[in-house]
Amino acid sequence: MSLVMNSETSGLDLVGKLLDPASRADPYPLYAGFRALGPVWIDEISALVVTGYHDCETLLRDPRLSAERRRHFDAAREADPYPPDAPSSVRQPWFLSMDPPDHTRLRRLVSRAFTARTIARLEPYAARLVDDLLDQACERDTFDVVSGLAYSLPVTVICHLLGVPAADERLFHGWSAQLTRQLDGFSGPGDDGKQWAGGMVELHRYVNELVADRRRSPRRDDLISELLAAEDGGDVLGHDELVSTIVLLLVAGHETTVNLIANGVLALLRHPGHLAALRADPGRAPAVVEEILRYDPPVQLTARVAREDLHVGNAKAPAGGLLILLLAAAHRDPEANRDPDRFDPGREQVRHLGFSAGAHFCLGAPLARLEGRVALAAFARRVREPRLVADPPPYREHINLRGVSELLVGHGARGR
Ligand code: HEM
């Protein structure tokens with residue numbers, strides 16, 4: 001990377017470099033540059049960029065910050081991109097970007113159905129799926145970890161959990177890929193808002209029908225039926241709230257988990273000693289997952305809006321100003337993690353905000369952890385003599401959701 005950091009390097013220079021696609025392969029030197037500046041208000045993007053671990057963690061729990069940030073990112077998009085006959089659920093905001101008391105109410109209701117027990121029951125299913133995917137992938141001497149393993153697992157598991165008929169899963173694969181952009185306020189030019197809105201409307205129509213069907217004939221064993229039955233002190237989810245939540249679960253849980261798996265395989269292939277250790281002891285998989293979430297996290301940053309004038313260190317954000325919390329930079333703050341630029345699943349303590357912190361802590365974290373550890377342990381066990389075909393591999397354009405678009409791996413003999 002050709003960034004020369006000196007006392008003249010400004011926050012704006014760093015933002016410019018970060019937006020440059022050439023930085024995707026390794027944005028970490030840029031994050032170090034931001035950390036050297038400390039919290040900094042950048043006028044040109046009207047945002048305060050925060051990189052210290054302690055600052056990020058404290059701010060995520062600070063009630064003076066609002067998660068309602070859509071208007072900042074939607075300004076460039078059409079105010080209402082949906083056609084008049086779109087289902088009303090499409091305009092129902094996600095609780096990801098709500099504040100209390102609305103956020104508290106919806107999250108509590110959804111948590112009634114989306115429990116750790118529900119998730120734990122999925123493990124044998126996820127393990128079988130991973131084995132089948134690797135059976136197919138390993139038929140070829142070289143395979144793509146993204147399309148052959150990482151991409152299918154989360155969407156198939158969430159469809160299974162929701163009770164989407166197997167024949168319709170293909171539809172979900174397509175929608176999910178198209179809609180992730182909603183999570184990434186920083187996507188570059190070339191966004192096709194119309195196509196995106198069209199996909200969103202189709203998905204909402206589909207989920208509306210699925211919910212109507214479950215209402216007519218409830219089942220015992222799927223998340224949609226459980227969400228329909230979820231109750232908290234007499235309160236229940238409204239129809240649009242329910243549909244919007246299902247769409248959120250699909251979108252928030254897909255590309256993030258794809259990237260956890262692919263970033264994980266990449267880090268292991270670059271550190272063969274840790275790959276061998278995982279092969280020898282699959283019990284290390286949870287520690288590998290936590291280290292990936294720290295070292296090369298799928299969600300690199302999140303944003304909040306100041307409800308009032310705020311000071312962070314020597315920087316100030318005015319009321320209504322945006323705060324960009326660079327989680328991936330915070331993870332490499334030496335005050336939080338020793339020797340932070342080293343990939344080390346054996347570290348004694350790993351501190352990360354890969355699932356955020358505070359009220360919006362990732363609701364799907366148990367599911368993401370389960371899928372991550374099952375996939376990485378199986379990769380280590382099944383794929384013999386793996387080698388990277390291209391290093392660095394090509395990256396997706398997203399800044400927020402960090403991941404490769406393709407990860408070609410060559411391998412030797414097959415094992416089971
Ligand atoms: C490795 C995979 C994943 C990562 C890195 C991840 C990361 C995150 C982060 C950082 C947030 C909070 C954003 C903020 O504070 O602004 C979040 C929220 C959320 N995630 Fe995940 N996530 C992952 C997988 C999943 C899965 C599998 C699901 C569900 C199927 C899921 C559902 C959600 C939901 C519903 C929220 C909103 C929580 C709230 O606002 O209260 N996530 N996730």
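A: **The ligand and its surroundings**

Arg304 places a polar side-chain atom 2.8 Å from an oxygen atom of the ligand, a polar contact here being a pair of N or O atoms within 3.5 Å. The model is a predicted one, in which local features need pLDDT of at least 70 and side-chain atom pairs count only at pLDDT 80 or more, while totals for chains, interfaces and linings use all residues. Residues are numbered from 1 along each chain as its sequence is written, and side-chain values use heavy atoms, with hydrogens and water left out.

Two further side chains reach ligand oxygens: a polar side-chain atom of Arg107 lies 2.7 Å from an oxygen atom of the ligand, and for His103 the distance from a side-chain N or O atom to a ligand oxygen is 2.7 Å. Two or more residues of the shell come from each of α5 (102-113), α13 (239-270), β5 and α17, where helices (H or I, at least four residues) and strands (E, at least two) are DSSP runs numbered from the N terminus. Of these elements, α13 gives the most to the shell, with 7 residues. Altogether 28 residues surround the ligand, and the closest are His103, Thr302, Ser356, His360 and Cys362; a residue is counted as near if one of its heavy atoms lies within 4 Å. By class, the shell has 16 nonpolar, 9 polar and 3 charged residues, with Ala, Val, Leu, Ile, Met, Phe, Trp, Tyr, Cys and Pro counted as nonpolar, Asp, Glu, Lys and Arg as charged, and the others, Gly among them, as polar.

Strand β5 leads from the ligand shell into an open sheet of 5 strands with mixed pairing, in the order β1-β2-β8-β5-β3; strands pair if DSSP finds at least two bridges between them. At the edges stand β1 (40-42) and β3 (65-66), each of which pairs on one side only. Within the sheet, β2 (residues 47-50) and β8 (residues 322-325) run parallel and are joined by 4 bridges, and one of the bridge pairs links Ala47 to Leu322 in β8. Helix α3 (residues 53-60) packs on this sheet, touching β2, β3, β5 (302-306) and β8, and its direction makes about 125° with that of β8. Contact means heavy atoms within 4.5 Å, and axes are lines fitted to C-alpha atoms, for helices over the stretch in contact, with angles from 0 to 180 degrees between N-to-C directions.

Technical notes
A polar contact is a pair of N or O atoms within 3.5 Å; within protein, one must be able to donate a hydrogen and the other to accept it, and residues adjacent in sequence count only if both atoms are side-chain atoms.
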